[in-house]
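My notes follow in the order I looked things up.

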Amino acid sequence: MRRWWWVAWTVACIGIGILAGTLRLANWQHGTEAGGMVLAAAVFLLALGWWREVRRNRQIANAAKRRLKIVAIGGGTGLSVVLRGLKEFQVDLTAVVTVADDGGSSGRLRSDFSMPPPGDIRNCLVALADTEPLLERLLQFRFESGEGLAGHSFGNLFLAAMTHIMGDFESAIRETSRVLAVRGRVLPAVKEDVKLQAILADGRVVEGESKIPEAGSQIKKIQLVPEDLKPLPEVLQAIQEADGIVIGPGSLYTSVLPNLLIPGMVEAIQSSKALKLYICNVMTQPGETDELSASSHVETIYHHTKPGLFDYVLVNSANFPEEALHQYREQNSFPVQPDIERLHQLRVRVIARNFVHYATYARHDSRLIAEQIMSLLGYERESAGEW
């Protein structure tokens, strides 16, 4: 468009120049007519350029209204993987992150400063940030030594400092998002201090997100303490306005379910007109989802919430290299079986394909997952453009 205006103004200047010249060169009999014609052409080009600019601005406004809105719910590294893929599309993203973590650096900061655990929030901010690789490495850097520093992530300390400066955790996230040029919003699921409590098959009750997988017994039920929690109004509004709601992947009992157990969350998801997608884990998690198939993951969520929560379930159906399987077997972790027939019996539509990227560990491929999500939502890359 700038080129168009440059051409129009150039033609206008030529026309004005010809007119000015003919006023002083009486022997050029046709100069006035030529100058007038060139100037008229310039006026036409300028008018056409103005019309095209108005039309383009209107198209941009309409495209913004049509931009798909996606809410991704979860925690851990799984949610950040999904966000990395989705941010490459022209969509409005909102990440809703669990705040029940009580282990490691997050747990120590939570205890020392009476603040929500920042670890999963940090991962999501970094995943959505439009930053230089060096800054990403800095935020993910973990101190290996130093009295009081060992084990802490720099990004966690940064969020703790921002919380102290801004006065509350939500403002700290908002300002950090601005500093990192985050493409979307990252919201904690709740503001209150929340803990996880697991009722085990042997009757024991274990409290604490970090202690649950180490309990050594099958988990019968998970619950939040306290129970009278309220989700952030911004979270409920984002769910209500969403075109797509993505849940998972992530630790079933300690990352996914804590978000869904907040009073009002499931009702908001069910009442939303959005397409609801569940991304099933690739591998079982020792002490948490041992021997659970894909349908068992869905049934566990339905048991804690309500049946029929999902429209689609995305499961990995690709085989793993033998060296990868051997590595995971040593950790008592195995591929989640995609029992598609049982999933159909739960009245969900199933997308089963290769969703995995394998390097040191088996992880969901952020690009493949994002492309599948956008395809189900009817996104057209060519018409919507790129970031």
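**Entry 1: the overview.** Before counting, I settled what counts: helices are DSSP runs of H or I with at least four residues, and strands are runs of E with at least two, numbered from the N terminus. On that basis I found 16 helices and 12 strands in the protein chain. I am keeping in mind that this is a predicted model. Of the 387 residues in the protein chain, 47% are buried.

Entry 2: In what order do the 7 strands of the open sheet run? I read it as β3-β2-β1-β7-β8-β9-β10, with parallel pairing. β3 and β10 stand at the edges with a single partner strand each, so one side of each has no neighbour in the sheet. From one strand to the next, the twist averages 20 degrees. At the β3 end, I found 4 bridges joining β2 to β3, and Val-97 has Pro-188 in β3 as its bridge partner.

**Entry 3: strand β9.** Next I went to β9, residues 312-316. All 5 of its 5 residues are buried, so the strand is largely enclosed by the rest of the structure. Tyr-312, Leu-314 and Asn-316 lie on one side and Val-313 and Val-315 on the other, so I note both faces as covered. I then checked the neighbours. β8 (residues 275-279) runs parallel to β9 and is joined to it by 3 bridges; Ile-279 has Leu-314 as its bridge partner in β9.

**Entry 4: the helices.** Which residues of helix α9 (residues 233-241) are buried? I listed Val-235, Ala-238 and Ile-239. They cover an arc of only 100 degrees around the axis, which puts them on the same side of α9. Their cover includes β1, β2, β3, β7 and α11. Helix α5 (residues 119-128) lies across β2 and β3, at about 170 degrees to β3. Helix α10 (residues 252-260) lies across β1, β2, β7 and β8, at about 130 degrees to β1.

Conventions: Residues numbered from 1 in each chain as written. Predicted model: local features only at pLDDT ≥ 70, side-chain atom pairs only at ≥ 80, totals over all residues. Heavy atoms only, no water. Buried < 20%, exposed > 50% of the residue type's maximum accessible area, 1.4 Å probe, protein only. Pairing = 2+ DSSP bridges. Arc of directions from axis to C-beta. Contact = heavy atoms within 4.5 Å. Axes fitted to C-alpha atoms, helices over the stretch in contact; angles between N-to-C directions.
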